[in-house]
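Hello,

Here is the structure I promised to pass on to you. Have a look at it first, and then read my notes below.

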Amino acid sequence: MATELEELLGFLSSPSPPVKKAAVEIVRDLTGSEDGLQSLGSYSDVAIPSLARLLGEKKEVSVPAAEALINLSQNSDLGAKMVERGMIKMAMDMLYKPDSGIIHLLVMLLVNLSQLDAGIDSLIQSGDEKMHGLYVMKLVRSFCTSSDDKKGDSFEHVGSVLVNITKKEAGRKLILDPKRGLLKQIIRQFDSTSTLRKKGVSGTIRNCCFEAESQLQNLLLTSEFLWPALLLPVAGNKVYSEQDTSKMPLELSSTLSIEREPVSDPENRIQALEAIYLLTLQVKFAAQLFSFMFW
């Protein structure tokens, strides 16, 4: 005899829209508590695919379904099951459907799933030579071309996805690949007014700097944008004179010679300092840095 929870999950496939809507909202609410997560975890083989199928429905159903999956994916075991079931591919396919109304939620789901090693491998498509990096290239393009407007910034959480994937060597090498030019695109978003975007950019740069020993040249290819992103967070709001900035790179001197708001977020400053430290361990970079920092 089916339990109440099994019956509830069965209603997620109901042909009746009102029944389906009511069921998915109840499931979503259950995922908001630890007890509910544990109960649904026992039926994850049914709950996960049932909720995933609802992502393509109208917003009144797809939104609570996506919210439920986000909550479930915070549990690493359940997140791993989602990755095994191809949830990242499904999320990416849904993300770029013209009529998708849950972009923000799908990106948040990717944030959670990319905290897992298996999730990173799936997102960078490490096992597919022909498709390797395609998902990440799409996300970076969306991150860099979308903007915050009255409807909200649907792709701002991509910054957190990029931080997650660059915690792994394969992810760092993908972002640093000069043929793809992804890091240069990402760094430009440091000028965004969004704190979340700035954190994503700073964290991604910092992680990529762990590859400085073998990838220094590729990092220096982005120096036009890298210098401001690394040094402005720790430069305060002092306006430097023309004499002070004469030995600096143009992209940095022009910024430091005008009034500006200081970077107030301590996390950004810490990440910038950690990145600078990692880079200065390399002789070539240290020479370039000190040549204009101590004029």
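**How helix 2 and helix 5 meet**

Helix 2 and helix 5 pack at an angle of about 25°, and their axes lie 8 Å apart. Axes here are lines fitted to C-alpha atoms, for helices over the stretch in contact, and angles run from 0 to 180 degrees between N-to-C directions. Please keep in mind that this is a predicted model, in which local features need pLDDT of at least 70 and side-chain atom pairs count only at pLDDT 80 or more, while totals for chains, interfaces and linings use all residues. Residues are numbered from 1 along each chain as its sequence is written, and side-chain values use heavy atoms, with hydrogens and water left out. Helices are DSSP runs (H or I, at least four residues), numbered from the N terminus.

Helix 2 and helix 5 are therefore roughly parallel to each other (angles under 35 degrees count as such). On the helix 2 side, Lys-20, Lys-21, Val-24, Glu-25, Val-27 and Arg-28 take part; they meet Glu-60, Val-61, Pro-64, Ala-65, Glu-67, Ala-68 and Asn-71 in helix 5. Contact means heavy atoms within 4.5 Å.

**Helix 3**

Which residues of helix 3 are buried? They are Gly-36, Leu-37 and Leu-40, in a helix that spans residues 34–41 (buried means under 20% relative accessible area, exposed over 50%, with a 1.4 Å probe and protein chains only). These residues cover an arc of only 100° around the axis, which puts them on the same side of helix 3; the arc is that of the directions from the helix axis to the C-beta atoms. The face turned away from the buried side of helix 3 carries the exposed Glu-34, Asp-35 and Gln-38. The partners of the buried residues of helix 3 are helix 1 (4–10), helix 2 (17–30), helix 4 (44–53) and helix 5 (59–73).

**Helix 6**

Helix 6 (residues 76–84) has Leu-78, Gly-79, Met-82 and Val-83 buried. Seen down the axis, the buried residues of helix 6 fall within an arc of 145°, so they line one face of the helix. Asp-77 and Glu-84 are exposed on the face turned away from that buried side. The buried residues of helix 6 pack against several helices, among them helix 7 (87–95) and helix 8 (103–113).

**A residue to look up**

Gln-125 is found in the loop between helix 9 and helix 10 (134–145). Its phi is near 55°, a positive value in a residue other than glycine. At 10% relative accessibility, Gln-125 counts as buried.

Enjoy exploring!

Definitions and conventions:
Helices (H or I, at least four residues) and strands (E, at least two) are DSSP runs, numbered from the N terminus. Angles under 35 degrees count as roughly parallel, over 145 as roughly antiparallel, 65 to 115 as roughly perpendicular and the rest as oblique.
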